Amino acid sequence: MQLWQLFWTVSLVAAGASFAFITLVVMIRGARDLREMIRDLGRQREEDSG
Amino acid sequence: MNFAAVDWIIIVGYLAVSLAIGILGKRYVGNVAHFLVAGRELGLYIGIATLAATEIGTITYMYNGELGYKYGFASFAAALISGIVMIVVGRTGFIIGRFRELKLMTVPEYFEVKYSRGLRIVTGLLVALGGILNMGVFLKVEGEFLTIVSGIDGRYLVAVMTVILLLELTYTVLGGMVSVVITDFIQYVLLSIATILVSIYAVYHAGWGQIVAKVTTTMGEAGFNPVVNPKFGLTFLLWQVLLWFAVHTCWQTTAMRVFSTKSPETSKRVMTWTGFIFLGRGMLPMLWGIAALTLLGSGALNGGIPQPVVNGQTLAPIDAMPAMLAQILGPGVRGIVVAGMLAATMSVNSSYLLGWSAVISQDVILPIRQAFGRGPLSSGKQIFVNRLANLFVSLFLMFWGLYYTPPGAVYLYLNITGTIFLAGAFVCVVGGLYWRRANTTGGYFAMVLGAAGAVIPYFFLGWGENVTGFAAFGLAAGGLIIGSLVGRSRAVQSPETAAAD
């Protein structure tokens, strides 16, 4: 039981840390991705209508 | 009422901004590919945000919280499996790499490319049935969360959930995937902040030492070791591995993100990084459930677990986590957390509305129309059919969500309803991509037997979830193999040929 407890504690810390870290990265770099997506969609629409 | 004025300002502000931005997405929708797969323009980071937001909802927090409350740390095994399998799928590109190369818009579309139009329609019907039944319990469970945390009178539950559904429906119908992706980004940020805040509050108030001690005294080794836990065991763990491979590759809402990425390579990276988020997506709310057991688990034993008690009233285990949040979160923080949960709710529901209605329109209505000799619809008309399907799904959700209560743990109900189509679809996709002899006869056998294997044992024979899950996948695999060996249907094309077509 002790081993399982240690295993889940380590897994929980790793899961929480990776969740927080990836959230931070996505918050910063996702905004740039979003702008690019909107720009590309606008270009696609212009090409479709042109 | 548990809400202060500041909480209401945060909530209303979030809803207004979310709706306005969602409606803005409409201006970027020019054709059906924009509406369903955002013109395949998703980059890595926005891809991670939309995939994570799609698969993290209030429903996710609720069922994981329930698992944590009932089964302690042993429930972490389900979260660990879901994350690791997703990372493996991302790293190897298993199924998703080839799916993205084929430039699909829905999972059943693959069945016409590889098998036949008839099988696409059958698959579309089963995908829509399983998906909508699966989503059918979302509103009720989400409504319970909101009423418990906010303290809104339960009599207003239907009105509150109707308003939320209408908000989601408005921007999904207008802007399709473009609106969903834009709002998903905001919603992902908000729900992640709420997740981290709640985790800190839960551990702070319950105390790590007390959490471990409570699980030890109430559950013993079964609270830590999933192999000896009577609800789990090796069969459950194996079934979870199989199920999560199917979910991460063939679940319509997940697959739509794969289809929407810029390239197959991007889809693999999105899947890999979201796999790490999936570890926290499961374990953190399970931890909240265990914290709720620690703080509120003082009632009579039910199945060996003390029932949650709040102000002398006994609650269901699934309601323990929101009841705990209502107690431990202060003004302002409660508003941020509920806004985060609303964000989670809206991101999941809008994506699921779009996903299942896409299947109804693209894989049922349009192919049936073509089978009757009618010509293909213009892109504008296809979008119109999609919007009608959105309305239909919403109406069904209101009805089913209010009148049906799933038996047992919600997580397991969701697993079984998903298995209705996942068993057959996963087997057919794997067979179609990796086994040259798979053919249409085998495909029909797999879809029908997979669905029967999920529905009959669980809903009519009262079998357990693990056995039902294995029965469904086993029957589907047997059906594909036997049907393909005895049948004489059209041979399966290679993916490269299909893509060229």
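In this predicted model, I21(B) is partly exposed, because 16 other C-beta atoms lie within 10 Å of its own, whereas a buried residue would need 20 or more. I21(B) belongs to helix α1 of chain B, which covers residues 5-24. Leaving aside residues up to four places away in sequence, I21(B) touches I182(B), T183(B) and I186(B).

The largest nonpolar core of the model contains 193 residues. Those with the most contacts inside this core are I48(B), A291(B), A292(B) and V410(B). The greatest contribution to the core comes from helix α10 of chain B (residues 157-206), with 19 residues. I48(B) has contacts in both chains: I22(A) and V26(A) on one side, and V270(B), W273(B) and T274(B) on the other, not counting residues up to four places away in sequence.

Between the two chains, 28 residues of chain A are in contact with 38 residues of chain B. The table sorts the chain A side of this contact by class.

| Class of residue in chain A | Number touching chain B |
|---|---|
| Nonpolar | 14 residues |
| Polar | eight residues |

Chain A itself consists of 50 residues, of which 26% are buried. This chain has one helix and zero strands. Its radius of gyration is 21 Å, while a compact globule of 50 residues would have a value near 10 Å. Along the principal axes, the C-alpha atoms of chain A fill a box of roughly 70 × 20 × 5 Å.

Definitions and conventions:
Residues are numbered from 1 along each chain as its sequence is written. Chains are lettered from A and ligands numbered from 1 in the order in which they are written. This is a predicted model: local features need pLDDT of at least 70, side-chain atom pairs count only at pLDDT 80 or more; totals for chains, interfaces and linings use all residues. Helices (H or I, at least four residues) and strands (E, at least two) are DSSP runs, numbered from the N terminus. A residue is buried if 20 or more other C-beta atoms lie within 10 Å of its own, exposed if 12 or fewer, and partly exposed in between; C-beta atoms are placed from the backbone. Two residues are in contact if their C-beta atoms, placed from the backbone, lie within 7 Å. A nonpolar core is a set of buried Ala, Val, Leu, Ile, Met, Phe, Trp, Tyr and Cys residues joined through C-beta atoms within 7 Å. Ala, Val, Leu, Ile, Met, Phe, Trp, Tyr, Cys and Pro count as nonpolar, Asp, Glu, Lys and Arg as charged, and the others, Gly among them, as polar. The radius of gyration is taken over C-alpha atoms; the globule rule is 2.2 Å times the number of residues to the power 0.38.
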